[in-house]
Amino acid sequence: MSDVDTEAEKLTRRVETAWTGRLSRREFVQKAGLAAVGLGAGPYLLAACGGGAPSGGGGGGAKSQLTILQWSHFVPRYDTWFDAYVKQWGEANNVNVKVDHINQADLPARTAAEINAGSGHDLIEWIAPPSALEPSVLDLTDVVQEAEKKYGSQLPVCKSSTYNPTTKKYFGFCHSWSPDPGDYRKSLWTKVGMPNGPLTYDDLLNAGTAIKQQTGVRVGIGMSQEQDSNMAARALLWSYGASVQDANENVVLDSDATREAVNFMVKLFKQSMTNEIFSWTAASNNQGLVAGQLSYILNSISAYRTAQQTRPDIADDIFFRPALQGPTGKGFASEHVILIYLIPKWSKNVDKAKQFLLDLVGHTSDIVYQSELYNFPAFSKTNAQQKLFGSGGWLDKDPFGSHPANKLDLLKNAASWSVNVGYPGPSNAAIGEIFDTFVLPNMMASAARGTKTVDQAVSDAAAQCRQIFAKWRQRKLVGGSS
Amino acid sequence: MATVTGYRHRSSPAVVARRASLRSLFLLVMALLALFCAFPFIWATITMFKANADLYNPAHNPFLFNQPATLAHLLLLFQQTPFLTFVKNSALVGGAVTGLTLLGSIPAAYALARLIPAWGDKLGVAIFMVYLVPPTLLFLPLSHVVATLRLQDNLWSLVVVYPSFTIPLSIWLLMGFFKSIPRDIIEQAQVDGCSLIGALVRVVMPLAVPGIITVMVFSFTLTTQDFIYALAFISSSDQMTISVGVPTNLIRGDVFYWQSLMAATVIVAVPIALVYNVFLRRFIQGFTMGALKG
Amino acid sequence: MSIVERTVGVRRISVRGRLPERPGFLGALMVSPAVLYLLGLVGFPLVLSFVYAFSDVTTGNPNVHLVGLSTFAAAVRDPVFAVALRNSFIFTFFSQALVIVLSTILAFGLSADFPGKWVVRFLILLPWTTPVALGAVAWLWMLDSIFSPFDWVLSAVGLIHHGAHIPFLGQARLAMGSIVVLQAWRMLPLATVILMAGLTSIPQDIQDAAAVDGAGFWGRLIHVTLPLLQPIMLVALLFGIVFTFTDIAVIFVLTGGGPDNSTQVLASWAFYKGINGGNLAQGAATALFMFPVLLGLAVLLLRIASRVEVT
């Protein structure tokens with residue numbers, strides 16, 4: 001069975017390569033550990049020598065400190081690259097930089113703890129808009145303006161995810177984002193006469209039903225308390241012309257458009273899905289697709305990249321579609337992940353932190369490449385535009401082994417069908433709470449499971465949203481009046 | 001032959017048969033309960049060696065290796081994540097907290113059980129109230145305390161905080177044990193010339209050893225269970241404990257490294273269980289109910 | 001020692017006398033480190049949690065600004081609150097009932113002698129010795145909607161359709177059942193160990209005396225052993241209840257409170273609303289509703305426990 005052995009070996013090497021990228025992770029961890037110890041001891045030694053508190057500026061040759069906290073990227077090589085980049089940057093700028101990674105699900109708790117304690121990291125990267133944290137973070141308008149001067153205008157999806165029009169502040173700095181295309185199984189869709197996948201939600205309903213009847217393979221749109229379900233609910237609503245708020249931050253959820261969208265979701269569930277979708281985690285739709293049990297999912301390319309490693313046969317059969325269109329003729333999807341750095345008010349090294357952010361955008365092509373094209377540029381004139389979007393660039397010829405090589409080229413105009421989670425309004429703190437307490441997926445789920453009628457589900461959800469909006473308006477972080 | 005009842009009676013065939021079937025039932029029940037507890041680990045042990053193409057195929061038998069077993073996931077756990085550092089950290093914290101717990105709770109429990117029993121219940125309730133605020137909220141103001149003590153991002157922060165949830169129950173457990181040691185024994189010791197403390201050390205403690213072992217087991221394992229405090233106070237990889245470190249490295253966004261996660265689970269659970277089993281065996285061995293009398 | 005006692009011989013416990021001999025003083029001394037530590041470390045945060053519940057703090061703005069009872073009102077009016085309250089009881093009651101029954105069987109079983117006892121003892125310890133963050137993740141995969149080995153086994157023996165999947169975590173009752181079983185699974189070893197230790201510290205003489213008096217196995221069990229075991233049992237039960245009532249680990253990992261908040265408990269809802277959602281004040285208010293229940297339970301069980309004492 002030597003062929004199989006070789007396959008297993010190949011797989012092992014692939015997994016390891018994915019992990020190590022350029023620098024051996026273990027080497028880095030060892031060095032980082034030493035650096036951390038040195039960092040920990042250093043300032044106190046300095047202080048003991050009468051140097052005072054370890055902070056800012058480089059007077060007298062003493063290095064300043066910068067600490068960064070962010071998620072463990074789903075592509076391990078990105079973290080490996082990033083940690084090494086940060087070290088290099090630190091040496092070039094006379095700063096001791098330390099990067100800490102945590103599970104992205106733990107970011108809110110960790111950040112809340114630091115804010116409550118009034119001390120912690122200088123830079124924290126969130127993968128969703130941290131709008132509720134605005135009172136405790138710095139206004140980064142200057143950084144955004146500086147970045148736009150150097151790297152072109154920031155994309156609307158990124159701006160609206162980091163700007164609060166009520167207070168006129170940028171509560172975060174977005175350096176990249178991830179689109180949320182539809183992934184479909186070409187072989188299954190070809191059998192039902194749609195080799196290019198769905199264009200509209202009705203396509204999804206009809207073909208998805210046919211595929212399920214013929215092969216048992218289901219549609220994979222979640223209605224669980226997790227992120228993908230949040231995105232899917234919103235994409236559906238927007239394509240029907242519905243939304244949680246309008247552009248002026250008034251709650252408009254209980255509309256006919258919403259009810260139509262929810263009705264559609266109920267139909268889609270009954271005809272093409274099973275009740276597995278009520279128990280999903282963020283990984284479930286990935287795994288279902290890779291297992292060959294789902295005909296269509298809405299996800300970033302993470303599922304596809306995983307498939308390339310674990311089930312290349314399925315990966316070759318996965319293709320992409322932009323946001324599905326609804327009866328309005330338009331289709332929108334949310335950003336799947338939006339990478340935003342915030343600088344808490346307690347940071348003692350604000351100048352260097354801001355410098356770091358600006359310099360990071362200058363390395364966008366690395367960000368894009370090392371994330372295996374998961375991260376897209378947030379600005380329009382970075383060193384990644386040509387490499388990524390240009391003719392013959394990475395989207396035309398996937399450097400990570402897509403067959404055919406141009407499989408990802410539909411993402412070239414992803415920015416035109418991607419919007420922030422609060423569309424058509426800003427990503428404010430109320431939208432954030434609604435997102436994090438899964439109001440929309442639960443609205444869909446209660447209608448689909450039959451525990452509420454569609455009308456009741458929608459009006460209950462709208463009432464919840466109004467309560468949430470009212471509270472945040474009291475705290476003066478959100479505009480609108482109803 | 002020791003039987004379930006522990007006594008040898010003159011037995012009629014019917015009684016023998018009944019006893020035999022009772023015994024079989026008993027063995028079956030024990031086996032089922034053991035299986036219930038251990039099944040996830042048995043299955044995890046198989047899963048951790050499964051190749052990806054094998055694991056992510058729902059048509060495959062999850063208990064067999066449809067493709068050759070691979071060590072890749074184990075290697076990933078040990079080489080690509082600082083797993084051993086996490087284990088070391090958890091062990092250090094567990095040990096330190098267990099020691100502190102014993103130090104704090106043995107005297108307190110004895111005092112509440114025997115010395116100041118009038119206060120015993122009231123203070124007991126008060127101490128108990130510590131458990132009424134869930135760590136899921138308590139971690140926020142505690143972060144404040146930790147920051148003030150300048151222990152942020154330091155394993156010592158956990159050593160300082162964890163006894164807050166191990167001590168109350170330990171005091172409770174030991175109170176129970178101390179109360180079930182008859183007063184006469186203590187009084188006798190004092191009659192024989194011991195001071196109060198002497199009586200505690202020389203007479204009571206040896207009798208309470210099962211309880212003390214229980215407290216040690218409990219403290220150590222409770223500290224390894226926690227993740228919310230570890231998450232809130234520590235963010236550097238080299239200071240992380242198992243509960244935080246493993247998910248941080250092996251749950252990346254929407255990608256779970258299942259086989260490596262299973263490996264971590266088995267590797268942590270089995271040695272601890274083995275060690276505890278040895279502990280328990282030594283001190284419970286002599287007390288098998290009725291078997292020695294049979 | 002006083003002259004009287006020296007003359008008469010030490011036949012009584014001397015209450016008066018050297019300071020360290022006074023139970024009251026010594027007792028206070030022995031209790032104080034623990035009490036001071038707990039007061040200092042937990043007392044302040046406890047008070048702060050109360051304060052939060054009467055304010056409008058958010059995770060982004062921890063500056064306290066008191067707003068009276070409006071946060072409590074909002075917390076109670078929240079549609080998820082009622083569900084969470086009910087679920088807290090269901091989750092705790094059923095999981096701990098399961099634990100007490102199974103751990104009693106196990107503890108008694110393990111104090112008898114049988115072949116393979118060592119193995120059984122080792123195996124039953126496993127659920128508690130693994131950090132819940134890992135153990136629950138293992139269960140998450142075992143209950144997966146596509147890859148669950150349970151589905152595979154059931155369909156292999158023909159109990160369910162080939163290729164069918166049971167929504168262990170996707171259907172409200174099943175999801176609740178799953179978290180109840182997982183919590184029971186997790187707490188079983190600890191309760192068993194506590195009960196085992198309790199059993200072994202019942203002095204052998206009492207067992208022997210009862211045997212001499214003619215009590216059979218079950219007689220001894222019911223009339224001698226169980227009553228003596230009661231204080232320990234109650235401690236185990238009480239801890240299990242309090243721990244479970246305030247614990248979110250299992251729910252956090254397995255269901256996230258879903259589907260549609262049907263497995264949300266007060267503690268987990270407080271977390272999702274307060275920490276993830278940013279509405280810290282409402283989270284604190286929700287969490288505080290656990291207090292009266294736990295306090296009542298604690299007092300009740302303590303009353304019962306204090307009546308049972310070996311003399």
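Buried here means under 20% relative accessible area, exposed means over 50%, and partly exposed is what falls in between. Keep that in mind as we go, and keep in mind too that this is a predicted model.

**A salt bridge across chain A**

Let's start with A:D142, which counts as partly exposed because its relative accessibility is 38%. The side chain of A:D142 meets that of A:K354 in a salt bridge, at 2.7 Å from N to O. A:K354 belongs to helix 14 (residues 350–361) of chain A and A:D142 to helix 5 (residues 141–151) of chain A, so the pair ties together parts that are 212 residues apart in sequence. A:K354, at 18% relative accessibility, counts as buried.

Over all chains, the structure holds 22 salt bridges. One to look up is the pair B:R252 and A:D79, whose side chains meet at 2.9 Å, N to O. B:R252 sits in strand 1 (residues 251–252) of chain B and A:D79 in helix 3 (residues 76–92) of chain A, so this pair joins two chains. Are the two partners buried or exposed? B:R252 is buried, with a relative accessible area of 0%, and A:D79 counts as buried at 0% relative accessibility.

Back in chain A, A:R311 forms a salt bridge with A:D313. A:R311 counts as buried, at 11% relative accessibility. There is also a network: A:K98, A:D100 and B:D153 are joined by salt bridges that share partners.

Here are three of these pairs side by side:

| Salt bridge | N to O distance |
|---|---|
| A:K354 and A:D142 | 2.7 Å |
| B:R252 and A:D79 | 2.9 Å |
| A:R311 and A:D313 | 3.5 Å |

**Where chains B and C meet**

Two packed helices are described by the angle between their axes and the distance between the axes. Take helix 1 (residues 13–47) of chain B and helix 6 (residues 132–142) of chain C: their axes come within 11 Å and cross at roughly 75°. Angles of 65 to 115 degrees count as roughly perpendicular, and helix 1 of chain B and helix 6 of chain C are therefore roughly perpendicular to each other. Which residues make the contact? On the side of helix 1 of chain B they are B:F39, B:P40, B:W43 and B:T47, and on the side of helix 6 of chain C they are C:A138, C:W139, C:W141 and C:M142.

Helix 6 of chain C is mostly covered, with 11 of its 11 residues buried. Among them are C:V132, C:L134, C:G135 and C:L140, along with C:W139 and C:W141.

Helix 1 of chain B also holds B:L22, which counts as partly exposed because its relative accessibility is 43%.

A:V95 is found in strand 2 (residues 95–102) of chain A. It is buried, with a relative accessible area of 2%. Leaving out residues up to four places away in sequence, A:V95 touches A:K63, A:S64, A:Q65, A:L66, A:W89, A:G90, A:N349 and A:K352. A:L357 is 262 residues from A:V95 along the chain, and their C-alpha atoms are separated by 14 Å.

A:N94 lies in the loop between helix 3 and strand 2 of chain A. This residue is partly exposed, with a relative accessible area of 32%.

Helix 4 (residues 107–117) of chain A is mostly covered: 11 of its 11 residues are buried. Its buried residues include A:R110, A:E114 and A:N116. After helix 4 of chain A comes A:G118, with a positive phi near 75°.

Most residues other than glycine have a negative phi, and most peptide bonds are trans. A:N94 is not a glycine, yet it has a positive phi of about 60°. C:D260 is not a glycine either, and its phi is positive at about 55°.

Where are the cis peptide bonds to look up? One joins A:Y423 and A:P424, with omega about 0°. A:P424 lies in the loop between strand 14 (418–419) and helix 18 (429–436) of chain A. Another runs from C:G258 to C:P259, with omega near -5°. C:P259 lies in the loop between helix 11 (249–254) and helix 12 (266–276) of chain C, and C:D260 lies in the loop between helix 11 and helix 12 of chain C.

Definitions and conventions
Residues are numbered from 1 along each chain as its sequence is written. Chains are lettered from A and ligands numbered from 1 in the order in which they are written. This is a predicted model: local features need pLDDT of at least 70, side-chain atom pairs count only at pLDDT 80 or more; totals for chains, interfaces and linings use all residues. Side-chain values use heavy atoms; hydrogens and water are left out. Helices (H or I, at least four residues) and strands (E, at least two) are DSSP runs, numbered from the N terminus. Buried means under 20% relative accessible area, exposed over 50%, partly exposed in between (1.4 Å probe, protein chains only). Axes are lines fitted to C-alpha atoms, for helices over the stretch in contact, and angles run from 0 to 180 degrees between N-to-C directions. Angles under 35 degrees count as roughly parallel, over 145 as roughly antiparallel, 65 to 115 as roughly perpendicular and the rest as oblique. Contact means heavy atoms within 4.5 Å. A salt bridge is a side-chain nitrogen of Lys or Arg within 4 Å of a carboxyl oxygen of Asp or Glu.
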